[in-house]
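Welcome! Let us walk through this structure together, one step at a time.

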Amino acid sequence: MAPRKSKKTAPSFRKLLKTSNIKIENKLKNRQLKQQSTAKKHRKEQKKLRQALNNAATQTPLPLERYKKRPEDEEDEEEFEESLPVDMMEEDDLEQMKAMAQKASFLTRDLSSSEPVHARKRKRENVMEKYEKLPRLMQKEQEKELIHLLPIKDKTGIIPQTMERPVKKAEKEHQDEDGGDGAEEVNAPTPLPLLTTQDLVVLRRKRLEERKVCIAALGSSILSDPSANIKKLKELRSMLVELDPYVAVTVRKLVMVSLMEIFKDIVPSYRIRPLTEAEKSTKVKKETQQLREFEEGLVSQYKFYLENLEQTVKDWKQMKKKKSEVVSLKSYKGLAEVAVKCLCELLVALPHFNFHNNIIVMIVPLMNHDCKKISEMSCEAVRKLFKQDKVGQASLGMVKVISGLVKSRNYEVKPEVLKALLCLRVKEVEVKKDADDIAPKKRFMNCKEKRKHLSRMQRKWKKAEEKLEKELLEAEATESKEKKLKLHTETLNIVFLTYFRILKKAQKSILLSCVLEGLAKFAHLINVEFFDDLLIVLHKLIESGDLSYRESLHCIQTAFHVLSGQGDVLNIDPLKFYTHLYKTLLRLHAGTANDDMIIVLQCLDVMLTKRRKQVSVQRALAFIKRLATLSLQVLPNSTIGILATNRVLMHTFPKSDILLDNESQGSGIYLPELDEPEYCNPQNTSLWELHTLQRHYHPIVRKFAAHLVVGAPSEGSGALNVDLSRKSATDLFEDYSTKGMTFNPPVATPSSKKKEKFTIGDALLDSDLKKQIDSRLEATSIPSDLDFTAHFRKAFM
């Protein structure tokens, strides 16, 4: 029979090669580990030996300890030593002991244990056994320190002389107090002398002057030649970690502000991009290489500086003191305020430079901070950035971060955060033009058509003109109008998205007033698709009654801005908004509600003047009469604004002169308490309020009232001055404001004429006053020969 084949197959050559390589690698690794461990042990032993040699060389040998023994024990010990044999140890044992003594392991080994030197550690050590193995020390007698004197020579030989070192009184007292630990106190550092408060102030002033001189020198050298002295920026920035506790806070503040001013001066007017690998490898001119080094160093130092400012603000927020810090927790707030101020200045001054988006991310959360000063600084910086940004790139980045902040905080932020959006310089956006999109686009001529229709000279001139126009645009360095419109459109879309989210999800939030004010400003730029939904939401808000008077005015203003812009094509009659404004006009008065008057004047301009074709005469007459009534109960500047609005309405609606005619008769009776302006019969009344206002103490109010009484003529004796007639109602309201608690225009001082003596006659006295005087005079006895005036003064003065 053939032998049975084994089930196991022979391993392949590749598998054998693989396993053999693994084994070889493992052997090499084990060998390396053993070598490393032995080398490490050798180094440790050598280190111990060196340390022992150094200690032996530096320290003086101490005398042997002597133990107090009883005289009986000393006699027994001497008898025992005499009885011991001299030759107890053999020569072989002596040699072995000498050889073992030369080994370091023998010296350091515990002689009480019987284990070998390299034995493994026990798994469980018995603490009590280890403690019992330690040698006990007997009470030792303190050895007195001796001083070796000059020896004496005698017949017998040289006799050494010694004496005890004398102990000083101070050392002796110190030893007595501390219980003999004076040797440990010898190496202690001597304490610094205590300085008085005046000395500390002088020392601080001196050190501060030194730091100021250093900061000024570094700053002037950097500004004189930035490219050559760019490395000094690092030296100046290193002073941000000043460790002297006397001047640390002040120096850090000065360095922060100095670096901020330096960066504002030396930063170029363009953004520095990082170099590619290909650009780094290519050879360039010496000037180009210097410029690259300067730009690289500037960007890196600017980055580190911003990181230092950010870390300062973070430390203040967390209020965690570092171990290496010398600044107290109370000083963190002052440092953080200076850091935020520097960040705000850089945000406004360098919107084009690197890391501007990082500054935006740091500043925007601080707008909602609890600290009032930091919040105001951040909001003011954002408003300045919006006002000066002409292109729109920086504004777009800022609006994105603000929108993200409002959404992440669940719409619970300060109103000032959204009020900053009112400073955006957005006047035009891209509007969908259906007609232009549907119309066929203009087809340009190709190369063959140009050759066919243009001569050779014409093609040459056209090419030169295109090249020249391109160069001129590059020289002007102006942004294209298309790019601006695109950025403004994207910015406004984010703003409206934030506003609509708040209208939908947080109608009872404190941000609603800011949202309505923002919609009133940018409503003419809203897309037509959102008009119906927006008007419905605004009407529901007004009818809910949860809004304040100012918020309801903003709703009305938003609705009419929407309808006056792109909404002209829509056939919508906002009668509900007219009715609401007419009904609530009389809520204004001369108190705090006078601040809402400017919004009312803006609403009247949009509702009546700009929509004159959609407004009926009855509605216009009702508003004119209601405004004349309102002018009697508000401040003078509000009265002037109302009268200016009535003047414009009388010019816009010529039939309103019926309110100045007392003899005209109409059907019905005027109903001033009715809230519907269309059905209150305003044509049956007159503007009698103008006659009352002609006796007003304010001269401008008297001029306007007299002007309207005669029909508001543009020319003639009753016409206004050019300065008053050409100004709008809102401008007049601002010009004659009394916020400074003074008369505007100022009232003339009275004349300084001497007053005549006051005499009272019976003809000038009222009956009641005469009775009181007679009763007083009867109570006082008046002689007949005295003057009446003297006794009158005596009775009543």
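Are Lys625 and Glu689 buried or exposed? Both Lys625 and Glu689 are buried, where buried means under 20% relative accessible area, exposed means over 50%, and partly exposed lies in between (1.4 Å probe, protein chains only). Before going on, please note that this is a predicted model, in which local features need pLDDT of at least 70, side-chain atom pairs count only at pLDDT 80 or more, and totals for chains, interfaces and linings use all residues. Residues are numbered from 1 along each chain as its sequence is written, and side-chain values use heavy atoms, with hydrogens and water left out.

Now take in the chain as a whole. It has 34 helices and 4 strands; helices (H or I, at least four residues) and strands (E, at least two) are DSSP runs, numbered from the N terminus. Of the 797 residues in the chain, 31% are buried. The accessible surface comes to about 57,500 Å², and 54% of it belongs to carbon and sulfur atoms; such areas come from the Shrake-Rupley method with a 1.4 Å probe, and for residues only the protein chains shown count as cover.

Let us return to the charged pairs. Side chains of opposite charge can pair when their charged atoms come close. The whole structure holds 14 salt bridges, each a side-chain nitrogen of Lys or Arg within 4 Å of a carboxyl oxygen of Asp or Glu. One of them joins Lys625 to Glu689, with the closest N and O atoms 2.9 Å apart. This pair links distant parts of the chain, since Lys625 is in helix α27 and Glu689 in helix α29, 64 residues apart.

Helix α27 (residues 617–630) also holds Arg619. The side chain of Arg619 meets that of Glu678 in a salt bridge (2.6 Å, N to O). Glu678 lies in the loop between α28 (636–652) and α29 (689–693), 59 residues from Arg619. Arg619 is buried, at a relative accessible area of 5%, and Glu678 is buried too, at 19%.

Elsewhere, Asp244 and Arg207 form a salt bridge (3.0 Å, N to O). Asp244 is in the loop between α9 (232–237) and α10 (248–266) and Arg207 in helix α8 (residues 197–224), so the pair ties together parts that are 37 residues apart in sequence. Asp244 is buried, with a relative accessible area of 11%, while Arg207 is partly exposed, with 25%.

Finally, look at Val747, in the loop between α32 (729–735) and α33 (767–779). Val747 is exposed, with a relative accessible area of 57%.
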